[in-house]
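User: Hi, can you walk me through this one? I'd like to start with the ligand.

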Amino acid sequence: MNSYTATATAHPNIAFIKYWGNRNASLRIPDNGSISMNLNGLVTKTTVTFREDSEEDVLILNGKSASYDALQRVRSMLNLVRTITGIKQAACVESENNFPTGAGIASSAAAFAALAAAASKAAGLDLDEPALSRLARHGSGSACRSIPSGFVEWLPGDDDLSSYAISIAPPQHWNLVDCIAIVRELPKSVGSTTGHGLAPTSPLQACRVTDAPRRLEICRKAILERDFDTFAKITELDSNLMHAVMMTSTPSLFYWSPASLKVMAATSRWRADGIPVCYTLDAGPNVHLITTTEYVDTIKKQVQEIQGVQRTLCATPGGPVSLTLSSD
Ligand code: PMV
């Protein structure tokens with residue numbers, strides 16, 4: 001019996017300029033480019049084994065058989081790899097997160113980045129970084145940003161070939177830290193795939209998308225020059241713009257909770273007092289507080305005092321996806 005196996009690890013990422021809405025939903029070609037930072041210390045490890053004696057694909061998540069929906073999404077990516085390589089075997093996919101699942105941290109980015117790397121390697125492909133980023137994008141748009149290292153920009157492109165992510169600076173470029181104020185541990189009520197589909201129903205989406213190249217330019221330059229003040233303003237503006245689109249979609253999506261708003265208001269006060277800190281929120285109520293290493297303890301202490309904050313989870317800039325083992 002032949003089996004082909006590979007293991008890969010990947011980090012989730014937090015976007016400073018957000019991806020929300022697709023020009024082409026089936027290929028996940030985004031309406032606008034985005035910029036993010038990989039989150040070190042938070043890791044998804046995935047092993048893919050194509051086996052001749054397996055009848056159908058199996059997905060084990062954190063030691064348990066995954067739901068039908070999760071398996072279908074994984075199967076779509078395995079099918080892509082099978083189409084490219086001509087391989088016929090079913091696969092066993094085993095995946096584990098070292099960060100608590102259901103903690104409201106975007107796990108799909110790390111999951112599909114690790115799956116794309118492990119599945120393509122196990123099938124005998126040696127994809128370069130742009131090709132791997134494109135493959136990961138098919139599973140979850142933001143996953144394409146978890147392939148390159150450190151601070152990353154997703155070039156939106158206009159077709160499958162031109163839409164992928166590149167590193168704009170390595171992890172050690174800037175000592176930023178993402179302190180996630182967890183106000184709810186449950187998975188989000190409306191997932192991002194559904195959310196992207198609602199974006200065109202908001203009259204604000206066209207304006208958000210038209211202005212995106214300007215925000216990308218400001219954010220990229222602020223990162224490269226380590227200009228925290230400019231970075232903070234553009235990051236908060238971009239998060240607010242995405243949430244304005246969400247709130248004005250039909251049906252409307254409100255991801256913020258009262259505790260999220262309390263943390264956002266406190267962030268503005270702390271920054272006015274001279275602490276380099278800003279907020280950004282994804283499709284959920286947890287608040288990502290971006291600060292620098294010197295201020296992590298202060299921020300953690302202050303944020304824990306806000307009613308509704310359950311705990312914090314902090315991450316420095318992380319490296320790229322990596323293959324940890326492969327054999328046949
Ligand atoms: O990759 P998806 O489909 O889970 O979308 C991610 C959407 C946001 O997290 C809200 C923004 C982003 O750019 O990560």
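Predicted model: local features only at pLDDT ≥ 70, side-chain atom pairs only at ≥ 80, totals over all residues.

User: What about His-196, how far is its polar side-chain atom from a ligand oxygen?

Analyst: For His-196 that distance is 3.0 Å. An N or O atom in the Arg-145 side chain is 2.8 Å from an oxygen atom of the ligand.

User: How much of the ligand does the protein bury?

Analyst: The protein buries 96% of the ligand's surface. Taken alone, the ligand exposes 380 Å².

User: Where does the ligand sit?

Analyst: The ligand is in the largest cavity.

User: Which residues come nearest to the ligand?

Analyst: There are 14 residues around the ligand. Tyr-19, Ser-140, Ser-142, Arg-145 and Ser-192 come nearest.

User: What kinds of residues make up that shell?

Analyst: The shell has five nonpolar, six polar and three charged residues.

User: Switching topic. How is the protein chain divided?

Analyst: The chain has domain 1 (3–171) and domain 2 (173–315). Their contact takes 31 residues from domain 1 and 45 residues from domain 2.

User: How many Å separate the domain centres?

Analyst: The centres of domain 1 and domain 2 are 23 Å apart, taken over C-alpha atoms.

User: Back to the ligand. Why does it lie between the domains?

Analyst: Because domain 1 and domain 2 both give residues to the shell around the ligand.

How values were computed: Residues numbered from 1 in each chain as written. Heavy atoms only, no water. Near = heavy atom within 4 Å. Polar contact = N/O pair within 3.5 Å; in protein donor to acceptor, adjacent residues only side chain to side chain. Areas by Shrake-Rupley, 256 points an atom, 1.4 Å probe, with all protein chains shown as cover. 1 Å grid on protein atoms, 1.4 Å probe; cavity = no way out; pocket = protein on both sides within 12 Å on 5 of 7 lines; lining within 4 Å. Sits in = over half its atoms within 2 Å of the grid points. Nonpolar A, V, L, I, M, F, W, Y, C, P; charged D, E, K, R; others polar. Domains from an automatic or database assignment. Contact = heavy atoms within 4.5 Å.
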